[in-house]
Amino acid sequence: MAEISDVYFVDGVRTPFGRAGEKGMYWNTRADDMVVKAMIGLMERNPDVPGARVDDVAIAATTQEGDQGLTLGRTAAILAGLPQSVPGFAIDRMCAGAMTSVTTMAGSIGIGMYDIALAGGVEHMGRHPLGGDADPNPRFLTEKLVSADALNMGITAERIHDRFPHLTKERADRFGMLSQHKVQAAYDAGKIQSDLVPVAIKNADGAWGLATEDEGRRPQTTMEDLASLKTPFRPHGRVTAGTSSPLTDGATISLLAGGAAVKELGLQPKMKLVSFAFAGVQPEIMGIGPVPSTEKALKKAGLTIDDIGLFELNEAFAIQVLSLLDHFGIADDDPRVNQWGGAIAFGHPLAASGVRLMIQLAAQFKERPDVRYGLTAMCVGLGQGGSVIWENPFYNGKRK
C-alpha cells in the first residue's frame with residue numbers, strides 16, 4: 001500500500017563544465033556520454049543502492065535533438081548499465097530542466113509511487129545552441145503575445161536594469177567579479193572537486209585526455225577588466241560577458257529516495273525536501289522569475305526569507321541575482337549567498353544547472369550544522385522561475 005513519504009536528496013555529482021564550441025574540451029564528446037558518465041559515477045559512489053531498485057530516470061535537455069534527444073532518461077539508463085527493467089524519460093523546462101527532473105521525481109516519491117529515482121540534466125551548447133532548431137508559432141509575434149527578442153536572454157537582463165535603475169552596472173560588475181574569486185577560492189580549498197566525475201575527452205588531433213575541472217573560470221578578473229568589456233546586447237548597455245554565464249557543456253545527476261528506502265538501505269541523505277514552486281512572469285523580463293517562485297515555495301513551507309540560512313542562486317546574469325536579493329532586502333555580498341561562487345564562473349549548461357545548485361548546497365549543509373534551511377533557485381527562459389527549499393539533516397539547533 002503506497003504511503004505519503006518524505007523525499008531526500010541522497011547524493012549528486014556532475015561532470016566538470018566545459019566551454020561550449022570548437023575550442024571547448026567537450027567538442028568531440030557526445031552529450032549522452034556526458035550524462036552517462038555522471039550516472040555511472042553516482043551509482044559507483046552509492047554501492048548500497050542496487051540498480052534494479054531505481055524506479056525511474058528523468059534527464060532534462062533544453063534542445064532535445066541529435067545526441068541529446070531520443071528519450072534521454074531511458075537511453076542514458078541503458079548506456080550506464082542500469083538493468084533494462086529501469087525506465088526513463090526526458091524533460092524540458094529550459095534552464096530549470098534538472099530542477100524539474102528533481103521536483104517531478106520528488107512528487108512521485110512523495111506520494112509513494114517510487115522509492116528511488118535518478119534526476120538530472122545535460123546540455124551540449126556547443127553542438128546544440130539554445131533554440132537552434134526551434135520553430136516558434138507565428139502567433140507569438142502577430143498577436144504580440146511576447147516580444148520578438150524575448151528569447152534573447154541578454155536583452156531580458158538589460159530590461160531588469162531598466163526596471164531597477166538602482167541596480168547599477170557597477171553593482172553587477174562587482175557581483176560578477178566576486179563570483180569568479182569565490183569559485184577559485186572554493187577550488188583552492190577543495191570544496192568542488194569531490195563532487196566532479198572525471199570525463200575522458202578527445203582533442204581535434206585524436207589525442208585522449210581527462211576533464212577534471214571546470215574550464216571557464218577567470219579568477220584574475222578585476223573591476224577594471226569588467227568596466228572595459230563591450231555590451232553586446234545593447235549599445236551603451238550594462239550587461240557584459242563578465243556579468244553573464246558563458247555558453248557551457250556539462251551534465252548533472254542526483255539520487256533521490258523516500259524515507260522507507262533510506263531506512264531500508266541504510267542511506268545517509270544530504271538534504272530533505274521541504275517545498276518547491278515554479279512561477280511565470282513576462283518572458284521579456286524572465287530574470288525576475290525566481291522572486292514569485294521563491295515567495296510561493298516559502299508560503300508552502302510556512303517559512304519566511306529570514307529562515308533561509310544558505311542560498312544557491314543560479315547566476316544566469318548578475319542582475320538577475322541582484323534583483324532577487326534586492327526584492328528580499330538581502331545585501332549584494334551577503335555571505336549566505338553563493339558562498340562558493342556561481343554560474344558566471346562555473347558556467348550554465350542550461351538544463352543541467354539546477355542539480356549543480358543542489359550539489360553545492362548539500363556540501364555546504366554538511367559544513368554548517370547551524371543552518372537549518374537552504375534555497376536553490378533560478379530564472380527560466382520564456383518567463384519562469386523555479387525554487388526548491390531544502391532542510392539540513394545535520395542541523396543541530398544551534399544557530400551562530
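Analyst: Let's begin with the largest pocket, which has a volume of about 660 Å³ (the space filled by probe spheres set on grid points joined across faces, edges and corners). A pocket here is an open set of points on a 1 Å grid over the protein atoms alone, where a 1.4 Å probe fits, with protein on both sides within 12 Å along at least five of seven lines; lining residues have an atom within 4 Å of a point. Bear in mind that this is a predicted model: local features need pLDDT of at least 70 and side-chain atom pairs pLDDT 80 or more, while totals for chains, interfaces and linings use all residues. Residues are numbered from 1 along each chain as its sequence is written, and side-chain values use heavy atoms, without hydrogens or water.

So who sits around that pocket? There are 29 lining residues, and Ala241, Ser244, Ser245, Pro246 and Leu247 lie nearest the centre. Helix 5 (153–163) and helix 7 (223–227) are the elements that give two or more residues to this lining (helices are DSSP runs of H or I, at least four residues, numbered from the N terminus). By class, the lining has 17 nonpolar, nine polar and three charged residues (Ala, Val, Leu, Ile, Met, Phe, Trp, Tyr, Cys and Pro count as nonpolar, Asp, Glu, Lys and Arg as charged, the others as polar).

The second largest pocket comes in at about 490 Å³. Its lining has 23 residues, with Met94, Ala134, Pro136, Leu151 and Leu382 nearest the centre, and splits into twelve nonpolar, six polar and five charged.

Now for the helices. Helix 10 (residues 318–327) packs against helix 9 (residues 290–301) at about 45 degrees, with the axes 9 Å apart (axes are lines fitted to C-alpha atoms over the stretch in contact, and angles run from 0 to 180 degrees between N-to-C directions). That makes helix 9 oblique to helix 10 (under 35 degrees is roughly parallel, over 145 roughly antiparallel, 65 to 115 roughly perpendicular, the rest oblique). On the helix 9 side, Pro290, Val291, Thr294 and Glu295 meet Gln320, Ser323, Leu324 and His327 of helix 10 (contact means heavy atoms within 4.5 Å). This contact has three nonpolar, four polar and one charged residues.

Helix 10 also meets helix 6 (residues 169–188): their axes come within 9 Å and cross at roughly 105 degrees, which makes helix 6 roughly perpendicular to helix 10. Arg171, Ala172, Phe175 and Gly176 of helix 6 touch Ala318, Val321, Leu322 and Leu325 of helix 10, giving six nonpolar, one polar and one charged.

Elsewhere, helix 1 (residues 31–45) and helix 2 (residues 72–79) pack at about 60 degrees, axes 9 Å apart, so helix 1 is oblique to helix 2. Asp32, Val35, Val36 and Met39 of helix 1 contact Leu72, Ala76, Ala77 and Leu79 of helix 2: seven nonpolar, no polar and one charged.
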